[in-house]
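I opened this model to look up a few things and kept notes as I went. The entries follow the order in which I looked.

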Amino acid sequence: MPLDRSLKKVLMIGSGPIVIGQAAEFDYAGTQACRALKEEGIEVVLINSNPATIMTDSDIADHVYIEPLTVASLTQIIEKERPDSVLPTLGGQTGLNLAMQLHEEGILERYNVRLLGTSPESIRRAEDRQGFKDTMEEIGQPCVDSTVVESTEDAVAFANRIGYPVIIRPAYTLGGTGGGIAYDERSLREIGEGGIRMSRVGQILVERCISGWKEIEFEVMRDKVGNVITICSMENIDPVGVHTGDSIVVAPTQTLAAKEYGMLRSAALEIITALKIEGGCNIQFALNPNSFQYAVIEVNPRLSRSSALASKATGYPIAKVATKVALGYSLDEIPNAVTRTTSACFEPAVDYCVLKIPKWPFDKFLTASRKLGTQMKATGEVMAIAPSFEAALMKAVRSLELNVQALRLNKLTELSDDEIYDRLSVVDDERFFVITEALRRGITPEEINVITQMDIFFLDRIHAIVRMEETLAACEGLPDAEMLLQAKKMGFSDSYIAQLCGTETTVVKELRYANGITAAYKMVDTCAAEYAAATPYYYSSYDKENEADVPDSGKRRVLVLGSGPIRIGQGIEFDYCSVHSVWALKNLGCETIIVNNNPETVSTDFDIADRLYFEPLTPEDVENVVRQEKPWGAVVQFGGQTAIKLAKAVTEMGVPILGTSSDGVDAAEDRERFDSILRDLKIPRAAGKTVFTTDEAVAAANEVGYPVLVRPSYVLGGQGMEIAYNDQNIRSFMSVINQTVQEHPILVDKYLMGREVEVDGIFDGEDILIPGIMEHVERAGIHSGDSISVYPPLHVEERHQQTILTYTRQLAKALGVVGLINIQFILYDDAVYVIEVNPRSSRTIPYISKVTGVPVIELATRVMLGERLKDLGYGVDLYPTSRYYAVKMPIFSFEKLADVDTGLGPEMKSTGEVLGISDEYPVALLKAFSGAGMRVPKPHGRIILTVKDADKEEAVSVARAFVNMDVEIFATAGTCQTLRDAGIEARTVSRVNEASPNILDLIRSGTVDLIINTPTQGRRHDSDGFRIRRYAVEHGVPCLTSLDTARALLIVEKEGSSLHPQPLDIVTLGKKD
Amino acid sequence: MHAELILENGARFPGFSMGSSEPCICEIVFNTSMTGYQELLTSPVAVGQGIVMTYPLIGNYGVNNEDSESGRPWAKALIVRQLARRGSNFRCQRDLESWLTDYGITGICGVETRALTRMLRDNGTMNGMITCTPPENLDEALEQIRAYQLVGAVDAVSCRQPRHYGGDGPRVAVLDLGIRESLLNSLRRRGCSVTIFPARTSAYLILRGGFDGLFLSEGPGAPGQCADLLPEIKKMCDADLPVFGVGLGHQLMAMAYGGEVEKLPYGHRGGSHPVRDTETGKVVITAQDHGYTVKNDSLSPEIARVSYVNINDNSIEGLTYTDGRKFSVQFQPESSPGFTGTGFLFDRFLALMGGAR
């Protein structure tokens, strides 16, 4: 079955903004798919609302639409582009759901568009709870006792029959949104109600709780002729009960004897055969640890987070092969990209251990519930590869950037044995730290197994690490060479060994070198060395044989440091930048090396850089790569804060940093050095102080005058930042940030409430090029990542633009920038103030590149290698303004994170973004809102308005605008009084604590279109505002927390039906007329 | 205790002793299966071999009393990267190491198995010695290692006396060249009444037994060493009985009809060997554990046609004889334990015998 030659033009649907449960893995899958399609000479039409992705680049697809992922906009695009087919299974649940909707609504049929790969019938059978259960019953595959219901009454009746606890899973949601475990009728009603609402089809599955069983996953693949293979097995170390996205996962399975493994493998292949999948598929099983009893939990008939992990874990390019299968190839017709001599029709054999650990956002959301369950909470993940479980675990822990060298948290060492014992039963993100601490205290693996139900095998391995810690700590002075080698083989870092032995890291490192103990690199080759392979994909081990081949190509070798796991404040945009830099370097004739540890990304695909090292991003791990590769230079400015942090270490290794030096980075981040630069240049900034203690902070605040902005230096995404209005605010906030050790000072700045403006610039030492100035809709005080950003600016006068240009050039020069610089300004009182300078790539680069057509990363890379902007064809200074407006809108994952305040402030909370582009501003805004899933209140609709005192006056004009559009306003007493005083009609609604019906009842009633609530200060969780905002999230009612956002929404609302958004192919944007 | 593996080319791999510390010389082969060490060690095919597991974590689920392919481990040695000192599994009855010790199987752990595998892949299968005491005279030791040859492997593993398992189905005579329990079970599960005969049983005896079919089992060693068995096998196969040959049985049947066998550079050993059904074009993933193969084009198409080929190296994986009564495969047809992707071969055998009764 070779390629179907009738395919000429394929539509790919992306997965939209990064949210918890759907992250960078779909950029990886989609990009690989697009490249596979183009390889076959097929024209690719791509739609994705997420501008930070690589797949939305004009060199990945032929036609790129950054448009809302809605049936309406897809229909328009289909009508315009007339693709002959659509590939639905590579854009996550979002892409799959949309394709199914297009099919169900007859749109595909109307335009004669074929669904490629797995048929809609098969997708429905896998996705629809009842359909799936019926299919499993037909082929004799056991499911968990369960039923699909559409009402809580039915759910309760079923639970009463099978007994509690039960698990609730809504149909068609991602990351298990709205699911949970119910232990009694009350909690079942609560979770069930939410789940039914969240499900696209209003269905939930209620099933017997099998928590404690082993959770095993298989990635399987099937082609049109029925060839079936398993690509990877994975075992969740956390037993059933914790969402697989929140579980620590090991590949391949470790605790299954061949019989159990074979049984589940057979089941997986029988299932994919019965479902007639054509492509990749993920199957999750629960396996009773005490018998052969198992149950099929879930089947995803598409590429998933686990497929990305399986791809990186085995080297098998699942997305590429799945795409080729969808095009009609059979597996044995597709070459194995790794060995090049064998075919894709085989089952990868691995000869190493792979471990994935999720990256949770709890360092950002100090108040969020850290408990893990069926609702995924992680924003990203790290993966590590090593010849042993112990080493994989140690590497993965280092990759998390938690400032720890091992599973050791200082705060746990202070707990008593009893407290540790009690903590073992708490299922949260720190459980592995607690388990390790328990083993250190002498609690046995057997005891821990009883409490956690984790397999003894894993506990034994962690125990081995603890015993090595003890051995090292017990040795007098330094360990001998043999012991040192064993510790290195177990994955211990030099600095951890030093810490345990009470010495310096450099001493351990020298001892290591003196004894010839150095890292060797092994190849990920899909076949356990059975066939010769040439994949440039490596991981480190402390073995003798080094397989990494560094050919003498005569080219300049450049090391590109990646950005690690996706987290709030450091998202997919930095992978975009890293990958583009690699491509630019390759075009410039350099040989490229990537170091990164994130399995979800494009950068960790082995055909991006010339060589990929899948390693932690720490000084030691990077130094090992440096010793191996001896690079000519290193690039750190594209990998976010993760790479920037390594700049100094890399410099000390003797590798020149290409572009801005580590000293330039330091000058921007060191308060005093930066202030003196501003003074010299006479560039104004808000008055501020550097302090270490609470008392100093209070004094500083009084000196500069309230309100003030308080934040630790050296952070990303405004971590631990707050606006303080009085001494009390400062004191409570300082007590919060002092929970984590502060080696860097805390900054107290005068808070200027003006218009925030942001620029990215490229500087070559003399000239600057600013592709565009971006203006924020929300005024200063809301983190730039959480603000709606508009290009070109609507409210920045020409003279201010010139000032911004001048300041940017001056600052770039003063900081010694070569390459990228990102600056945030405030326009306040008719003057331009600098807020912050980052001499590196930023979150806005992908979007500004796409909308202006300036290849920012390529230019920055060329400049870093010594070229001059003047010669690059894009001019200098301000790039001519585009005639298109682009509105970048932040996307949050609040519904996944209980107890997180949705009120926006200086701390970043968004996980992703969407873009709206149009030649009319209101249309661009409408597209952005609709891409964000925000419904605009209809005339005769209802909104709730409740604002803090400081905002009451401003709220009047917003309210009036809504009333003029026949929207009914409900307000709490204070706000209502203000409105009435201003002559605006509004209805009072009782406060949270007042008798029913109160504001919460009104929200729950489902009759409110929008809530506008501006938060008062403080982190209190019992405040009315907090409860209103959380209630809004939990009931799916949009809630705006800034009047500026509300005003933007009003612009769209005012124009209403006169707006006619048209899809825009951004490939045509960059082309000069 | 330190131990080392010395290969016949002089390469030395240090490690630690596990199981028996008795020095031993054997043929070193690598296997890419990620589970199933107990099955591999107890397979009669493994007789005389030192098995290198390419998967680095071995012993994780211990050893149990149910999964052995025969009454004892046949492999001579086990070479692993990391040994789990205790097994964790609900069926685990003991840890791997003490089991090896009890059966006198020499083991070595802590070995850089990937480097070893790459060497075996590039140089072909080699002999090796595992020892806890470095040889005083290396050249002498190397000579000894190179001289090692496995002889009489089939005789060592074949049963001494005929054995019988009742059943309501067709009566099958099994020529035991080194059969595994999984294969026997595949026949018995289908209701066959099975009689197992020692390898040196005469055709006369078997043909006189009124059997409905003949099953030629897998077995260990070099097929060339079994030349003396060929005349009797030819006689058995010439009778009009349906015959199903597997592994060594597949090779000997081909040889009996004039085919030739050759040694593969480093064998096919693992759970992921794709073979194509030449009739349907479909590919199945099979488990394999063999070092020899029937030479391409060595058998006249008038006698047999190739039914399965390995899609990686195009070697012959199955033959169907033109009389329509005999067929054979090189891979493990039951793929035990696992996906029953080629289990239909047993059904075909049953059909030839007149079906289940």
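Predicted model: local features only at pLDDT ≥ 70, side-chain atom pairs only at ≥ 80, totals over all residues.

**Entry 1: a positive phi in a loop**

With those terms I placed A:Asn112 in the loop between α4 (107-110) and β5 (114-115) of chain A. I read a positive phi of about 60 degrees for A:Asn112, although it is not a glycine. Most residues other than glycine have a negative phi, and most peptide bonds are trans. Is A:Asn112 buried or exposed? I found 11 other C-beta atoms within 10 Å of A:Asn112, and the cut-off for exposed is 12 or fewer, so A:Asn112 counts as exposed.

**Entry 2: another positive phi**

I then looked up A:Glu401, which is not a glycine and has a positive phi of about 55 degrees. I located A:Glu401 in the loop between α12 and α13 (410-413) of chain A. A:Glu401 has 20 other C-beta atoms within 10 Å, and buried requires 20 or more, so I put A:Glu401 down as buried.

**Entry 3: cis peptide bonds**

I noted a cis peptide bond between A:Ala251 and A:Pro252, with omega about -5 degrees. A:Pro252 sits in the loop between β12 and α9 of chain A. I also noted a cis peptide bond joining A:Tyr706 to A:Pro707, where omega is about -5 degrees. The loop that holds A:Pro707 runs between α27 (694-704) and β24 (708-712) of chain A.

**Entry 4: a sheet of chain A**

I traced an open sheet of 7 strands in chain A, with antiparallel pairing and the order β14-β13-β10-β11-β12-β15-β16. Which strands stand at the edges? They are β14 (294-300) and β16 (380-386) of chain A; each has a single partner strand, so one side of each has no neighbour in the sheet. I get an average twist of 25 degrees from one strand to the next.

β13(A) and β14(A) form a hairpin, with 6 residues between them. I found A:Asn282 opposite A:Asn300, the latter in β14(A). β13(A) also runs antiparallel to β10(A), and 9 bridges join the two. A:Met221 has A:Gly280 of β13(A) as its bridge partner. I count 9 of the 9 residues of β13(A) as buried, so the strand is largely enclosed by the rest of the structure.

**Entry 5: helices across the sheet**

I followed helix α9 (residues 258-274) of chain A across β10 (214-222), β11 (228-236), β13 and β14 of chain A. α9 runs at about 45 degrees to β10(A). I also followed helix α12 (residues 389-399) of chain A, which lies across β12 (249-251), β15 (353-359) and β16 of chain A. The angle of α12 to β16(A) is about 145 degrees.

**Entry 6: A:Ile123**

I found A:Ile123 in helix α5 (residues 120-127) of chain A. A:Ile123 is buried, with 24 other C-beta atoms within 10 Å. Its contacts, leaving aside neighbours within four places in sequence, are A:Leu96, A:Met100, A:Thr118 and A:Pro301. I also checked A:Ile123 against A:Asn300: they are 177 residues apart along the chain, and their C-alpha atoms are separated by 8.7 Å.

**Entry 7: the side facing chain B**

I found 45 residues of chain A in contact with 40 residues of chain B. Which elements give two or more residues to the side of chain A that touches chain B? They are α9 and α17 (456-474) of chain A. The largest share, 7 residues, comes from α9(A). I sorted this side by class and got 22 nonpolar, 11 polar and 12 charged residues.

**Entry 8: chain A as a whole**

I list 37 helices and 39 strands for chain A. The radius of gyration of chain A is 28 Å, close to the 31 Å that the globule rule gives for 1073 residues, so chain A is as compact as a globular protein of that length. Along the principal axes, the C-alpha atoms of chain A fill a box of roughly 75 × 70 × 65 Å. I find that buried residues make up 62% of the 1073 residues in chain A. Of the contacts in chain A with a separation of 6 or more, 71% are between residues 24 or more positions apart.

How values were computed. Residues numbered from 1 in each chain as written. Chains lettered and ligands numbered in written order. Pairing = 2+ DSSP bridges. Helix = DSSP H or I, 4+ residues; strand = E, 2+ residues; numbered from the N terminus. Axes fitted to C-alpha atoms, helices over the stretch in contact; angles between N-to-C directions. Contact = placed C-beta atoms within 7 Å. Nonpolar A, V, L, I, M, F, W, Y, C, P; charged D, E, K, R; others polar. Rg over C-alpha atoms; globule rule 2.2 N^0.38 Å.
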